[in-house]
Amino acid sequence: MSELKKQPTGELLDNKPKTNYRWVIIFMLWLLYLINYFDRTAVLTFLPFIREDLSLTHQQVGVAASVFFFAYAVAQILAGWLADKIGSKKVMGIAIFVFTFVTFVTGLVKNFTQFFLIRLGLGLGEGHHFAPANRCIADWFPNKEKGRAASILATTWAVGPAIIPITVTALAAAFGSWRPVFYVLAVPGALGIFCLFYWVFNNPREAMAKGRCSLEEVKYIEEGLTEGLMKEGEKFDTKKALGIIFRDKSFICYCLMLFCALAIYWGSTTWISSFLYEQHGFSMQTMGALVSLPYAVAMISMMFGGTLMDKFFKSKAKPVLLLSFIPAIPILFYLGSIEKGNVSLLVTVLVLNGFFVNLFWGVIYAYPQIRYPREMVGTAVGVSNGFGQLGSFMAPLVAGYLVYESAGVVYYTNVFIFFAGLAVLAGVLALFLNEKPLDMSQITERKAS
C-alpha cells in the first residue's frame with residue numbers, strides 16, 4: 001500500500017470507484033454460507049424424526065447437537081489463524097469440501113454413535129468457514145460499509161432457517177424419508193467449491209491483478225480501513241496478534257457477550273422444531289412452516305441492524321446491541337409458556353422473537369472488523385467465535401435437561417426462561433464494549449517502554 005496516501009482511520013474518499021467488485025465478493029460469501037446453513041439446519045429440522053428413527057433420548061439428542069458446536073468452536077480458532085496465515089480462500093475451500101462430504105454421509109447414519117461422529121465431523125468442517133469469511137470482509141470493505149457487509153452475510157442465518165425447513169421437509173415428504181435429503185444437499189456443496197475458486201479473491205489487489213477490480217476501488221477500500229498492524233512485506237506474527245487482543249479488556253467482554261448470543265440463537269434453533277412438534281402438536285409440514293417464520297422476519301431485522309449501525313449510529317455497535325438484547329428478554333421468557341392451541345399468540349411471539357433476537361447479528365461481527373487491524377481480524381474473530389461457540393455447545397446440552405414431561409405432554413418452558421437469562425447477561429456485557437478502533441501507536445509505545 002506504499003504508493004497510496006494513507007488517510008486517518010475512518011476517513012474515506014467521497015468519489016465512487018469505477019468497479020464495485022466488493023459487492024460480488026459479499027454475494028459469493030453469502031451464497032457459500034447459505035450452502036453451509038442448508039447442511040447444518042437440515043439436521044436440526046429433522047431432529048425429532050432422527051430421534052424417533054434411531055430411538056434416541058432427549059438427552060442423547062442434546063449431547064449430539066452440542067458436540068457439533070464443541071467441534072465448531074475448536075475449529076474456529078485454527079480457522080482464524082489459518083486465514084491470517086495462508087489466506088481466507090484456501091481455508092474456506094477446505095471447509096466446504098469437508099462439510100459437503102459429511103452431509104452426504106449423514107443420510108447413512110444408523111445409531112447414536114454414528115450420529116455423534118457425524119455431528120463431530122460436521123462441526124470440524126463448518127467451523128473452518130466463518131472466520132475466513134469475516135477476514136475476507138475485513139479486507140474488502142471500508143469501515144463505513146462493514147455494518148452492511150457483515151449484515152448481508154448474517155442474513156444467511158435467517159434466509160437459511162427460513163427456507164430450509166420448508167424445503168427439506170417437502171423433499172422428505174416426496175422421498176418418504178429424511179435420509180435421501182442429505183444426498184441431494186451434497187450437490188450445492190460441489191457447486192459452491194467451483195464458485196469460490198472462480199469468483200472469490202483474498203483481497204482487492206489480487207482481484208485487480210486478474211482484471212476484476214479497478215485501482216480506484218482498491219484505493220477506496222484501503223483508505224477506509226482500520227490502521228494496519230504490519231509494515232509492508234512483514235509476515236504475520238501470531239504471538240503479537242494474540243498479545244494485542246488478550247490485553248484488550250473490551251475483547252474479553254465481547255467474547256462473553258458472543259457466548260451468550262450464540263447460546264440463545266443455537267439453543268433455540270436446535271430445539272424450536274421439537275418445541276413446536278412435541279409441546280404444540282403440529283404436523284411435520286406445519287412445524288416446518290412455523291420454524292421458518294421467525295427467520296423470515298430475521299432477514300429484515302439483520303439488514304435493519306446493519307443499516308442502523310452504518311447510517312444512524314455512525315459505526316457504533318453498542319446501541320444496536322442493546323436495542324436487540326433488552327426486548328428479547330421478555331419475548332424469550334414468555335415464548336415457552338404459550339398454551340397449546342393459541343396459534344395466533346404463538347405466531348405473534350415467534351415474529352417478535354425473530355426480529356429482536358436477530359437484530360444484532362451483522363453488528364456483533366462488524367465490531368471486531370472495526371476494532372482491530374485487518375491483518376489480525378481472522379485471529380480475533382476465530383478466537384472470539386471459538387469461545388462464543390462454546391455457548392452454542394452448552395445451550396442445547398443444558399436445554400435437553402430442562403425439557404420435562406407432565407401428563408403425557410413435553411414442555412420447553414424452562415428452556416426459554418434459560419435463554420431469557422442469557423439475554424440479560426448479554427445486554428449487561430454490551431455496555432462495557434469500547435467501540436473505538438484500537439490505537440496501535442499507544443500499543444507500540446507501551447511495548448517500547
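This is a predicted model: local features need pLDDT of at least 70, side-chain atom pairs count only at pLDDT 80 or more; totals for chains, interfaces and linings use all residues.
Start with helix 16, residues 318-335, and helix 17, residues 343-356. Their axes come within 9 Å and cross at roughly 150°. Angles over 145 degrees count as roughly antiparallel, so that is the label for helix 16 against helix 17. The crossing of the two is left-handed.

Which residues of helix 16 and helix 17 make the contact? On the helix 16 side they are Leu 323, Ser 324, Pro 327, Ala 328, Ile 331, Leu 332, Tyr 334 and Leu 335. Helix 17 contributes Leu 345, Leu 346, Val 349, Leu 350, Leu 352, Asn 353 and Phe 356. Sorted by class, this contact has 13 nonpolar residues, two polar and no charged ones.

Now the aromatics. The count is 37 aromatic pairs. One of them is Tyr 198 with Trp 199, edge-to-face, at 4.8 Å centre to centre and 85° between the planes. Tyr 198 is partly exposed at 43% relative accessible area, and Trp 199 is also partly exposed, at 31%.

Another pair is Phe 246 with Phe 251, with ring centres 5.9 Å apart. The planes stand at 90°, so this pair is edge-to-face.

Last, one aromatic cluster is formed by Tyr 33, Tyr 37, Phe 130, Tyr 265, Trp 266, Tyr 295, Phe 325, Phe 360, Trp 361 and Tyr 365.

Key
Residues are numbered from 1 along each chain as its sequence is written. Side-chain values use heavy atoms; hydrogens and water are left out. Axes are lines fitted to C-alpha atoms, for helices over the stretch in contact, and angles run from 0 to 180 degrees between N-to-C directions. Helices (H or I, at least four residues) and strands (E, at least two) are DSSP runs, numbered from the N terminus. Angles under 35 degrees count as roughly parallel, over 145 as roughly antiparallel, 65 to 115 as roughly perpendicular and the rest as oblique. A crossing is left-handed if the near helix is turned anticlockwise from the far one by less than a right angle, and right-handed if clockwise. Contact means heavy atoms within 4.5 Å. Ala, Val, Leu, Ile, Met, Phe, Trp, Tyr, Cys and Pro count as nonpolar, Asp, Glu, Lys and Arg as charged, and the others, Gly among them, as polar. Rings of Phe, Tyr and Trp (its six-membered ring) pair if their centres lie within 6.5 Å; planes under 30 degrees apart count as stacked, over 60 as edge-to-face and the rest as tilted. Buried means under 20% relative accessible area, exposed over 50%, partly exposed in between (1.4 Å probe, protein chains only).
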